[in-house]
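Hi,

Here is the structure I promised to pass on. Have it open while you read, and my notes follow below.

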Amino acid sequence: MNKIFYILFIILTAIPGYSQISQNIRGTVIDMDTKSPLIGANVLISNLEETYGAATDINGNFAIKEVPVGRIDLKITYVGYEPKTMSNLELSSGKELILNIELRESIVMDEVTVKADNKKEKAQNEMTTVSARTFSIEESMRYAGSLNDVARMAQNFAGVQGADDSRNDIVIRGNSPTGVLFRFEDIDIPNPNHFALNGTTGGPVSILNNNVLDNSDFMTGAFPAEYGNALAGVFDLKMRSGNNQKHEFLGQLGFNGIEFMAEGPINKDKFSSYLISYRYSTLQVFQLMGINFGTGTSVPDYQDLSFKINLPNSKGKFTIWGIGGLSKIKFLDSENEDPNLYADNGEDLIFSSNIGAAGISNTYRINSKSFLKTSLSIDGTFNEIANDTLNSFTGEYHPFYRNTSLEGKQSLNFTYQNKINARNLIKIGVYNQRRYYNLKDSVHIKPDTFFIPPSFDTLVYPAYWYNITDNKGATYFVQPYAQWQFRINEKATLNTGIHGQYFFLNNTFALEPRVGFKYQVAKRSSISVAYGMHNQLPPNRLFFRQITDSNGNTVLNENGEPYIPNRELEMIRSNHFVIGYDQSFGKHSRIKTELYYQLIDNAPIEVVSSFYNTLNYGANFDLVFPDTLVNNGTGYNYGLELTLERFLNQGFYYLFTGSLYQSRYKGSDLVERNTAFNGNYTTNFLIGKEFHLNPNKQEARAKNKLVIDFKCTLNGGQRYIPIDLEASKLANKAVYDFDHAYSEQYADYFRTDLKIGFKSNGKKITQEWSINFQNLTNHKNIFQQVYDASSQQIIKRYQTGFLPIGQYKILF
């Protein structure tokens with residue numbers, strides 16, 4: 001530890017002296033609803049003694065040159081539109097600040113009486129009413145413990161729990177992480193994480209590179225009608241465009257890998273640009289330094305690529321984008337590797353996961369009031385799993401589980417938006433998906449699988465491969481929607497809409513009403529209410545579960561085809577009710593509270609009496625699941641959330657979020673239980689401060705900065721299925737007490753993180769150094785309980801202890 005602080009001290013004291021450093025601010029100003037450029041809009045810097053500003057040209061573009069680097073406040077005005085302020089934007093020497101600014105047409109005659117601050121309480125999607133906020137990419141870089149991951153950053157928000165150090169799964173209001181929708185560039189994408197299992201939404205390392213992302217929205221309930229096939233929440237992510245006038249580069253070394261990024265103009269006169277980034281895993285380097293990420297001596301290998309090409313024209317723009325990642329890891333107990341969190345003793349596990357998504361879109365401005373956006377995309381996820389287990393009698397390993405599964409889709413989406421007038425906005429669209437799949441996984445059943453002694457007659461207990469799924473094909477999923485926003489007056493706004501879903505595999509259909517109302521009670525306070533019905537397809541693998549008889553033969557139907565009893569499963573249905581109150585204090589602080597209730601039905605459960613319900617899907621990532629399910633399961637979630645926040649101002653911010661909630665369900669045994677995600681409460685406290693290291697105020701704007709960020713998390717413990725110790729001793733393997741599923745919790749999860757960073761602006765180069773001290777107090781949080789047959793004991797595995805992670809970034 002002393003060595004780390006000594007190195008940091010050397011770095012700080014070695015930085016050269018001050019000289020005047022400046023950079024350019026460029027961007028566009030457009031109408032929020034029609035995306036048309038606003039000609040003659042004024043963009044002024046409001047926090048400098050000298051006057052800096054510009055007016056937009058015929059294309060809505062502006063440029064403010066030679067601005068001293070540091071934190072910048074902007075004020076944007078245009079006749080007939082609500083003025084907008086953007087505070088504490090960071091301008092550095094290594095990269096131009098590029099802004100895409102959207103202004104909203106005013107519905108009152110005196111537009112200067114209305115002020116639109118760029119605050120996080122307002123989502124970028126103006127159709128949202130409750131349970132939503134925008135987040136800046138700087139926040140994912142700033143918050144301690146986030147590791148430049150937007151999903152880990154979102155775990156700090158109210159109603160969101162993430163009590164697993166090894167993954168970035170998002171548990172929203174007690175829902176399964178599988179209920180989260182990831183939308184990227186207006187396209188629904190699969191799990192955007194390395195080492196991701198089909199049907200889940202989390203992973204250890206994100207493929208989403210925050211260096212290429214733009215400000216985006218995160219929603220936790222009763223979301224607008226344009227979002228479907230999700231029960232819990234939505235990540236609506238945008239990818240920024242590259243600099244269209246100047247070539248810029250970035251290099252970075254940290255937890256997510258060693259990265260190189262380039263961006264710049266393709267044709268300066270036409271404002272076209274490119275952006276590309278590549279990362280390769282660096283965990284092997286960290287392990288050589290003695291840092292343990294919970295994988296033992298196994299070294300995760302992964303890489304990812306992101307790109308975007310932006311081709312604007314006089315009527316709109318074409319955009320081409322893509323993201324992709326490759327990942328693989330081997331846990332080989334047969335080679336006496338060190339213990340890890342992911343594979344049991346006596347087990348060899350080889351896991352690889354590949355994901356890719358790419359698309360092309362065209363935004364065409366029909367006239368000054370409307371536009372049409374068309375998007376075409378393809379995506380896919382490939383998993384390959386080989387799991388071998390130890391024969392407890394012979395000491396030899398034999399095949400146990402194999403999985404080679406491909407899932408993906410081709411999408412063709414249309415969105416039409418029309419601002420009828422300043423009060424009325426309509427948005428209509430349809431998402432068309434052709435879903436393809438090639439699913440094949442099986443379990444090798446042998447006498448020793450069930451720990452039958454070698455003296456038993458193996459003819460009575462034959463060995464065979466038990467097919468779980470073996471299905472290849474394609475089907476269609478269509479989601480039309482329509483939305484209408486009515487701004488009743490300057491204080492009241494009504495958002496309504498309807499979303500439809502039709503699944504061609506089994507001809508199931510859902511029609512979902514959505515409505516939200518917001519009223520500005522006073523200048524700095526508002527109340528909001530919203531209702532939404534939301535349906536989601538069960539995980540794809542459930543539809544194609546096969547049945548095998550005792551001899552290993554696949555059971556056939558009357559047509560001689562494999563009998564697939566779950567093929568007719570319907571969508572899971574959820575009704576969201578939310579009421580919220582938001583109060584601002586001054587210009588930079590606010591308190592927000594929301595009360596919600598969520599009623600769920602139509603969840604798949606077993607035909608026979610059991611605790612099983614797919615609302616717990618994703619808790620343990622079981623490879624085998626029930627073969628015959630019906631849509632009779634129910635559940636409910638309710639809770640109260642509180643957010644107390646000071647937005648970054650004068651280098652200081654804090655954020656406190658707290659949630660009290662219940663999450664319950666019923667299986668086919670009709671017993672009401674806690675869901676696997678019912679932690680009962682979650683709290684987060686974050687605080688940070690920027691310190692300028694130069695001796696006078698003017699120099700402090702321009703040169704060196706020390707940043708300290710702190711985070712403390714306290715969550716209710718993870719729920720689990722108890723192990724029946726006596727039965728496990730008799731069976732020589734873990735036997736679970738399913739009658740008391742999720743009735744017990746591990747000890748409460750507690751973790752503190754500290755991040756210390758330093759930023760230096762040279763004449764044309766910006767450099768950043770930081771150290772993240774994860775789990776600063778080295779608190780032992782339980783990861784799981786397992787049965788150890790050799791000692792006949794239940795042992796606890798713990799999550800990652802104290803973990804320092806360094807990062808270096810250079811922009812030029």
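**What I found**

Let's start with a pair of strands: β1, which covers residues 22–31, runs antiparallel to β4, and six bridges join the two. If you want a spot to look at on screen, find I25, which sits opposite I64 of β4. Before going further, please keep in mind that this is a predicted model.

The pair belongs to an open sheet of three strands, in the order β4-β1-β7, with mixed pairing. Which strands stand at the edges? Those are β4 (61–68) and β7 (97–103). Each of them has a single partner strand, so one side of each is left without a neighbour in the sheet. On average, neighbouring strands here are turned by 25° against each other, direction ignored.

R514 lies in strand β29, which spans residues 508–522. Is R514 buried or exposed? Its relative accessible area is 6%, and the cut-off for buried is under 20%, so R514 counts as buried.

Now for the cavities. The count comes to ten that have 30 Å³ or more, and I looked at two of them.

The largest cavity holds about 820 Å³ of space. Its lining is made up of 47 residues, and those nearest the centre are T178, G199, N229, R435 and Q536. The elements that give two or more residues to this lining are β12 (180–184), β24 (370–390), β25 (397–419), β26 (424–445), α5 (540–543), β33 (629–649) and β34 (652–666). Which of them gives the most? That is β26, with four residues. By class, the lining of the largest cavity has 19 nonpolar, 22 polar and six charged residues.

The second largest cavity has about 200 Å³ of space. It is lined by 17 residues, and R133, A158, K592, E641 and T643 are the ones nearest its centre. At least two lining residues come from each of β9 (132–135), β32 (589–606), β33 and β34. The largest share here is that of β32, with four residues. As for classes, this lining divides into six nonpolar, five polar and six charged residues.

Last, two residues with backbone angles to check. L147 is not a glycine, yet it has a positive phi of about 55°. You can find L147 in the loop between α2 (137–142) and α3 (150–154). With a relative accessibility of 9%, L147 counts as buried.

N732 is the other one: again not a glycine, and again with a positive phi, here about 60°. N732 is in the loop that runs between α7 (725–731) and β39 (744–745). How accessible is N732? At 26% relative accessibility, it counts as partly exposed.

Cheers

How values were computed
Residues are numbered from 1 along each chain as its sequence is written. This is a predicted model: local features need pLDDT of at least 70, side-chain atom pairs count only at pLDDT 80 or more; totals for chains, interfaces and linings use all residues. Side-chain values use heavy atoms; hydrogens and water are left out. Two strands pair if DSSP finds at least two bridges between them. Axes are lines fitted to C-alpha atoms, for helices over the stretch in contact, and angles run from 0 to 180 degrees between N-to-C directions. Buried means under 20% relative accessible area, exposed over 50%, partly exposed in between (1.4 Å probe, protein chains only). On a 1 Å grid over the protein atoms alone, a cavity is a set of points where a 1.4 Å probe fits but cannot get out, and a pocket is an open set with protein on both sides within 12 Å along at least five of seven lines; lining residues have an atom within 4 Å of a point. Grid points are joined across faces, edges and corners, and a volume is the space filled by probe spheres set on the points. Ala, Val, Leu, Ile, Met, Phe, Trp, Tyr, Cys and Pro count as nonpolar, Asp, Glu, Lys and Arg as charged, and the others, Gly among them, as polar.
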